[in-house]
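Biologist: I have not looked at this structure before. Please take me through how to read it.

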Amino acid sequence: MRVVYTDPAWALDARGRPDPSRADLERGILGPEVSVEFGPFESGTDPGPADGAQVGPSADGGFVTCGDQLFEAARGADALVIYRCQVTSELVEALRPSCRVVARSGVGFDNLRPDLLATAGIYGFNVPDYCGDEVSTHTVALLLGLERQICVQDRLVRDNRWGIHRGGIPRRTAERTVGIVGFGRIGRASARKLQPFYHRVLAHDPYVAADLMASHGVAPVPSLRELFARSDAVVIHAALTPETDGLVGAAALGAAGPGSLLVNTARGRLVDTKAVLDALDTGQLAGFASDVFAPEDPNASPTARKLLARNDVIVSSHRAFLSAESELSLRRRIAAGVRAVLVDDAPPPEGRLA
Ligand SMILES: NC(=O)c1ccc[n+]([C@@H]2O[C@H](COP(=O)([O-])OP(=O)(O)OC[C@H]3O[C@@H](n4cnc5c(N)ncnc54)[C@H](O)[C@@H]3O)[C@@H](O)[C@H]2O)c1
Ligand SMILES: O=C(O)[C@H](O)COP(=O)(O)O
């Protein structure tokens, strides 16, 4: 049996060179009946295609459409593990009839297309909560970085302008309210970490019961606009779905009080970048920090690139999930899920979506 991993990153050493021994972890879990093949079939994290066959970031938020190399590898594969490549009906056709499972190596499954997999009788699963600690810590770090204007001060000192102040006078976080959009696993972890810093924590999530939020010491807020109106800072942890695409735009930001802060570590497409730029210009937002953009690299978009020129913006490169521990957990759980289907003839033990 063959498992194809589209992302080569796990078979590369720390300097990005191929190191077949890195895949011993997967081989150990999957066992001798299963052969493991790594890409490169995705752009972004791989060293680049030998034949230039890959297609660059798609318009849909940074996931990549995969070229001929992947379709060739997919034919006859028993399992496919994807990272950022987009499942399409063409890819599902290439996977039929041999493939029994497609795994999304991560939490967000906005590129997995469970509907297409279910129709083809292929299991689909993701790995929930392998990085809740990392993403919530990253979120708090970005927010406190904005609150304390860390990056602005860092740049001023490096520019030999010690003691100079830029931007408004910071406010005392212990007297401020923070709002959470999306009260799932990571939203709850962030709430726990934000509570010691902030006076009040609010949350908006139409799919989570108010009493569950209350049991976490968080006040439920029924509408997104009300959340923005009542918060000094908002952090975004909602899943990307057709409903949440562009969720945080001019309407929500227009409800925010002047000088609000916004942090996104969920998915770039949840936020309308143009509306954020307008809100920064008018002062409605005093700061924006983001780990995620659409497309993934903000340098690739003329609108998102404008954010990079601003002192009131902090960015990171979709690394909120990363730690040695989260990576290991992700790899083990992906291999265990694939093994359950291929070797034990059972459904994936967690994260089943199709
Ligand atoms: N930056 C990173 O490295 C990184 C890593 C992991 C996850 N993520 C992203 O973080 C987000 C949260 O992940 P999670 O593990 O907490 O997922 P989760 O599924 O546990 O929680 C997502 C929450 O979003 C809520 N939601 C859905 N529609 C909503 C709406 N209209 N308004 C408000 N809330 C809504 C859901 O009810 C759910 O509670 C996802 O977007 C995921 O893709 C990013
Ligand atoms: O997408 C990524 O870069 C990381 O693997 C995290 O994925 P996730 O955000 O879906 O967990």
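Biologist: How many nonpolar, polar and charged residues does the shell around ligand 2 have, by class?

Modeller: First, what is shown is a predicted model, in which local features need pLDDT of at least 70, side-chain atom pairs count only at pLDDT 80 or more, and totals for chains, interfaces and linings use all residues. Residues are numbered from 1 along each chain as its sequence is written, chains are lettered from A and ligands numbered from 1 in the order in which they are written, and side-chain values use heavy atoms, with hydrogens and water left out. As for the shell of ligand 2, four residues are nonpolar, four polar and three charged (Ala, Val, Leu, Ile, Met, Phe, Trp, Tyr, Cys and Pro count as nonpolar, Asp, Glu, Lys and Arg as charged, and the others, Gly among them, as polar). Residues around this ligand include Tyr-83, Arg-104, Tyr-130, Arg-267 and Phe-321 (a heavy atom within 4 Å puts a residue near a molecule).

Biologist: Which polar backbone atoms lie 2.8 Å and 2.7 Å from an oxygen atom of ligand 2?

Modeller: A polar contact is a pair of N or O atoms within 3.5 Å; within protein, one must be able to donate a hydrogen and the other to accept it, and residues adjacent in sequence count only if both atoms are side-chain atoms. Here the backbone of Val-107 supplies a polar atom at 2.8 Å from a ligand 2 oxygen, and that of Gly-108 one at 2.7 Å. His-318 uses a polar side-chain atom, 3.3 Å from an oxygen of ligand 2. Taken alone, ligand 2 exposes 300 Å², of which the protein buries 94% (Shrake-Rupley method, 1.4 Å probe).

Biologist: Which of the 29 residues around ligand 1 come nearest?

Modeller: Those are Ile-186, Asp-205, Ala-238, Thr-265 and Asp-291. The side chain of Asp-205 has a polar atom 2.7 Å from an oxygen of ligand 1, and a polar backbone atom of Ala-238 is 2.8 Å from an oxygen of that ligand. On its own ligand 1 exposes 870 Å², and the protein buries 90% of that.

Biologist: What is the order of the strands in the open sheet of seven?

Modeller: Strands of a sheet pair through backbone hydrogen bonds, either parallel or antiparallel. The order is E8-E7-E6-E9-E10-E11-E12, with parallel pairing (strands are DSSP runs of E, at least two residues, numbered from the N terminus; two strands pair if DSSP finds at least two bridges between them). Strands E8 (219–220) and E12 (313–315) stand at the edges with a single partner strand each, so one side of each has no neighbour in the sheet.

Terms used: Helix = DSSP H or I, 4+ residues; strand = E, 2+ residues; numbered from the N terminus.
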